[in-house]
Structure formats: C-alpha cells, structure tokens
Amino acid sequence: MKKAILASVSILSLSLSFQSCKKHKEHEGKTNYQTIEIVLDMNKSYQYNFGTPESNLEITKQSDAFLISELDEVSETVLFNYMPQTNFVGADEVQITLANEEREEHHRDGNHPPRIPLAHLFNHKKHECGEHEEDKTVYIFKFTVNKVATAVTTDQATANKN
C-alpha cells in the first residue's frame, strides 16, 4: 500500500512540474518604420509635434551635424526640435523611437496563470509571467539642408558690372 501511495505522489509531482513549466508564448515585438523627409534652407529650424504619446520617446540615433536636436515636452505635448549647425549644407538624419511600455502576459480573463499548490514542496522554481517584447515605431527624420542663394542688391550688381 505504501508503494502505491508513493508511486501516486511521484506521478502527481511529476505531472505538476510539467504543467507548471510550460512556457507561455511570448509576444514578439513588432517594429514599424516611418520616414519623414525634410528639405530645409541653411540655418533654418524644424519642429515636429508628436502630440501626447502614451509611450516613451527617445532619440536613438542622434544627428551628425546639429546645433539643436532634442525632444521637448510642452503642455503635455512632445515636440522634436532640430536645427543644423551654422552654415551646414548637406544630408543629416535623426531617429526617434516610440516604444510601448512592456506588459506582463496574462490569460484571457486578465489574471496570471494559476500557481501550482505544493510545487514549492518539490523544489520547483517559481517563474514569472512572460514579458512581451515591446512594439515600437521608429521615426526616421531625413534632412536635406540646402544653401540659400543670396539676393544680389542693385548696388552690388552695378559694382560688379564696372
């Protein structure tokens, strides 16, 4: 009789450990890319309004030729401000990532998976809910900064003819 009880307990403990060690399917993060092409005159600034995003924004690739390149929060609105270096002419790029905050994995009813009673007695390691990789949107700002043709005044034109 003791052997039957021992065998039953062993089978029960093994089945509990297999049940609790099932890996939950993790959500693989999805990345969306949005390219914004901007043509600027030399020494001019640019501003992009992100509105009131519910997620974190950060500059993930900084410009190579900037005087100002920053995210600024004004009245719950996030703005991206950019100005190239003085007299810079050419191409520049900034990448800003909007990342959704990580969430814990839950069952359809919104609860965590049930904990296995007595699992701790069998030296079973606890595991946490699987975390999702975060979905994100990468905004790629491609700047083309052009040299401004200066207007020639009539005095300069007359001086050049003589």
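Let me start with F141, which is buried, with a relative accessible area of 0%. Buried here means under 20% relative accessible area, exposed means over 50%, and partly exposed lies in between, using a 1.4 Å probe and protein chains only. F143 is buried as well.

A word on the source. This is a predicted model, where local features need pLDDT of at least 70 and side-chain atom pairs count only at pLDDT 80 or more, while totals for chains, interfaces and linings use all residues. Residues are numbered from 1 along each chain as its sequence is written, and side-chain values use heavy atoms, with hydrogens and water left out.

Now the rings. F141 and F143 form a stacked aromatic pair, 6.5 Å centre to centre with 15 degrees between the planes. Rings of Phe, Tyr and Trp (its six-membered ring) pair if their centres lie within 6.5 Å; planes under 30 degrees apart are stacked, over 60 edge-to-face, and the rest tilted.

How many aromatic pairs does a search of the whole structure find? The search finds 11. In one of them, Y48 and F141 have ring centres 5.2 Å apart and planes at 75 degrees, so this pair is edge-to-face. Y48 sits in strand β2 (residues 46-51) and F141 in strand β7 (residues 136-146), so the pair links distant parts of the chain, 93 residues apart. Strands are DSSP runs (E, at least two residues), numbered from the N terminus.

Ring pairs also link a cluster, whose members include Y46, F50, F80, Y82 and Y139.

Last, a residue elsewhere in the list: D72 belongs to strand β4 (residues 66-74). D72 is partly exposed, at 32% relative accessibility.

Methods: Helices (H or I, at least four residues) and strands (E, at least two) are DSSP runs, numbered from the N terminus.
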